[in-house]
Amino acid sequence: MFISGPGGAGNERLPSSGVPALDKLLGGQGFPDRSAVLIIGPPGVNKEALGYWFASEGLRLGDSCLYVTRLSVREVEKDWGSLGVAKTPGSEIWIAREGGQTKLDVRDLPGLLGQIRAVLEDSRGQVRIVLDALSSILMLNSLDAAYDFVDSLIAQAKAHNASLLATLEEGMHPVKTQTAMQQAFDGFVEMSLFRTGLKILPLLRVGKMRGANPLQGYYVFSFGAEGMKLEPAYGEGEIEASLPPFPDAAPAALGVGAEARAFFDYLTKSFVDDFKANKLSLEQSGWRTRTASAKATGLTIAALYGEGGRFGPVMKELLSSGLVETRFFPGQRGRGGEVIKVRVAYEKELVKRIVNDAGRGGGTMP
Amino acid sequence: MPFLYVAVLAYTVYLSITIRRALSVGEYRKQAFGVGLIALAWILLLLNYGVQAVTGSYALFSLGFGLVMMTLFYWIDSSVLATRRTDPLVRDTFWWTRVRYVLWALTVAATFAAASLAYYYQATSGTEPLFMFNGQYGVGYMPSWFVLAAGVIALPVSASRARDRLLRRNIGWLGAFVILIQIVGVEPSSVANSQFGIFGVLFVASLCLYQSARSLVPHWIARGTGN
């Protein structure tokens with residue numbers, strides 16, 4: 001739905017999530033300004049509800065709201081009503097499968113991007129976008145096209161003073177795809193079911209949030225007449241202690257250990273520094289010797305060098321994951337010999353996204 | 001062996017109801033509840049065999065069997081509706097959102113028709129209507145025709161369209177349960193005999209039903225292990 005609201009440009013308030021308990025968790029005021037936030041969870045936990053409250057709160061505050069859904073407008077309104085989410089009346093435009101002013105075609109990503117752009121350009125003041133079709137987009141298009149779409153959508157949203165909230169189905173995509181999405185967005189919130197002992201708990205946690213220092217830990221969530229309730233899982237005996245640690249989802253999601261991740265992060269930074277600060281070409285950027293890398297990261301030489309000129313365990317781990325690449329550089333030892341250097345495998349889509357994310361601070365990577 | 005079978009089914013009922021409480025979206029809540037209902041129905045079906053053995057009423061047995069089939073159809077119905085939500089194109093498999101009402105009506109009508117027929121035959125002829133329960137697809141098992149047809153046709157298609165691994169696992173395990181039940185058959189005579197082999201298969205079937213419920217929870221945490 002799209003409603004032109006009176007919220008003027010320059011309004012500095014942060015976009016509230018519409019759930020006071022979640023706002024509190026995020027530091028008090030809501031999502032970061034002009035942020036793109038991902039809600040991840042398996043089907044049935046009602047992650048869409050966060051989208052309903054996000055949009056509803058926007059309408060209440062006079063923000064402009066755009067709702068993109070793969071369901072019909074009637075189905076969304078039914079869900080919306082069943083949760084008792086208040087809906088401020090207004091002139092509504094939906095991009096939906098059925099019943100909206102614009103029909104959603106998840107296979108036509110340029111068309112969808114154009115439709116969203118048109119709405120954004122017509123809007124004034126703060127804008128909220130809810131995208132409840134991301135999983136469909138990822139499943140029905142090539143990953144490259146889907147990643148490009150997400151990148152462009154986030155860039156457009158930021159350019160038009162918009163905040164984006166998208167939902168992603170857990171268990172429907174490869175881990176690497178989910179990781180790439182977590183990297184692309186400014187923050188993500190996880191909602192899932194956990195079984196411990198004889199109890200089954202719906203738990204929520206804030207994975208990461210740009211510029212915010214969210215309260216860590218798991219929270220039991222429930223939906224009621226007063227909206228969404230969040231209670232710390234600490235009250236549940238040993239549950240918090242027995243939950244899997246998620247200090248940062250990225251290392252686990254990349255499928256590599258902490259040392260390998262630290263090395264990978266160093267190589268990522270090196271690549272960005274070379275390309276942006278040192279103005280090297282893509283071909284030349286990011287190459288580092290293992291000795292220099294060990295010194296910079298604090299890793300042991302043995303972690304990078306194996307016996308008999310082989311690779312060490314950290315190198316092996318990253319190479320087998322396809323996250324880094326190596327190359328011989330001849331004539332760099334002063335004796336006509338060769339030296340092996342390593343860098344992030346920028347050609348890999350996942351790595352490219354991580355590097356782009358790291359380089360986003362001062363312009364875009366190619 | 002029957003006690004183990006009942007114990008597993010009873011725990012499945014508890015687990016399903018607990019999962020239902022943790023879920024928030026109607027279709028998924030119903031699906032979880034459906035697994036519990038099936039488990040409960042199969043516990044009661046044992047009782048139903050007892051009732052039939054004591055009263056000798058095939059009408060009562062037929063009614064009980066129809067109610068069991070209704071619980072199975074309840075789960076099939078909620079599963080097809082839930083899988084639709086996880087289909088990226090949100091397709092309505094075989095117009096299920098409309099056809100389901102017809103199938104519900106047929107299943108209910110078949111239950112009462114079979115029970116009425118059994119009652120009428122037994123009352124007028126004074127003999128047991130064994131012909132109605134001859135084989136698994138006799139007239140007495142009429143309610144299962146529509147339920148199994150719906151399950152065999154609609155569920156695989158909708159499951160293949162859904163991309164959710166949890167739902168697929170849930171459907172797969174429950175499918176295994178139904179297949180095992182079909183193998184042993186549901187004739188009162190075979191179950192009443194309490195053959196070890198039959199209860200062995202039923203026990204495995206009950207484990208399948210338990211796995212079906214268990215598969216609806218994505219994260220299982222062992223207490224105190226830290227992972």
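Which loop of chain A holds Arg34(A)? Arg34(A) sits in the loop between helix H1 (20–25) and strand E1 (36–41) of chain A. The model shown here is predicted. Keep that in mind as we go.

Start with the backbone at this spot. Most residues other than glycine have a negative phi. Is Arg34(A) buried or exposed? Arg34(A) is buried, because 20 other C-beta atoms lie within 10 Å, and 20 or more is the cut-off for buried.

Now find Lys279(A). This residue also is not a glycine, and it has a positive phi of about 60 degrees. Look for Lys279(A) in the loop between helix H10 (258–277) and strand E11 (288–289) of chain A. Its surroundings can be counted too. Lys279(A) has 9 other C-beta atoms within 10 Å, so it is exposed. The cut-off for exposed is 12 or fewer.

Next, step back to the domains. Chain A is assigned domain 1 (20–243) and domain 2 (258–362). Their centres, taken over C-alpha atoms, are 35 Å apart. The two domains touch through 8 residues from domain 1 of chain A and 5 residues from domain 2 of chain A. Which elements give two or more residues to the domain 1 side? They are helix H6 (143–159) and helix H7 (175–184) of chain A. H7(A) provides the largest share of that side, with 5 residues. By type, the domain 1 side splits into 4 nonpolar, 2 polar and 2 charged residues.

Stay in chain A for a hairpin. Strand E9 (residues 219–224) and strand E10 (residues 227–232) of chain A pair in the antiparallel sense, over 6 bridges. How many residues lie between E9(A) and E10(A) in the hairpin? There are 2 residues between them. Across the pair, Phe221(A) stands opposite Leu230(A) in E10(A).

Now turn to chain B. It has 227 residues, and 47% of them count as buried. Its elements are 8 helices and 1 strand. Follow the sequence and the pattern is α-α-α-α-α-α-α-α-β. Take the contacts in chain B between residues at least 6 apart in sequence. Of these, 76% join residues at least 24 apart.

How do the chains meet? The contact takes 31 residues from chain A and 25 residues from chain B. On the chain A side, helix H5 (134–140), strand E7 (187–196) and strand E8 (199–209) each supply at least two residues. E7(A) gives the most to this side, with 5 residues. The chain A side divides into 16 nonpolar, 9 polar and 6 charged residues.

Finally, look inside. The largest nonpolar core has 172 residues. Leu164(A), Val344(A) and Leu209(B) have the most contacts inside this core. Helix H3 (residues 58–86) of chain B gives the largest share of the core, 15 residues. Why does the core lie between domain 1 and domain 2 of chain A? The core lies between them because domain 1 (20–243) and domain 2 (258–362) of chain A both give residues to it.

Zoom in on Val344(A) to end. Set aside its neighbours within four places in sequence. Val344(A) is then in contact with residues including Phe264(A), Leu267(A), Phe271(A) and Leu323(A).

Conventions: Residues are numbered from 1 along each chain as its sequence is written. Chains are lettered from A and ligands numbered from 1 in the order in which they are written. This is a predicted model: local features need pLDDT of at least 70, side-chain atom pairs count only at pLDDT 80 or more; totals for chains, interfaces and linings use all residues. Helices (H or I, at least four residues) and strands (E, at least two) are DSSP runs, numbered from the N terminus. Two residues are in contact if their C-beta atoms, placed from the backbone, lie within 7 Å. Domain bounds come from an automatic or database domain assignment. Ala, Val, Leu, Ile, Met, Phe, Trp, Tyr, Cys and Pro count as nonpolar, Asp, Glu, Lys and Arg as charged, and the others, Gly among them, as polar. Two strands pair if DSSP finds at least two bridges between them. A nonpolar core is a set of buried Ala, Val, Leu, Ile, Met, Phe, Trp, Tyr and Cys residues joined through C-beta atoms within 7 Å.
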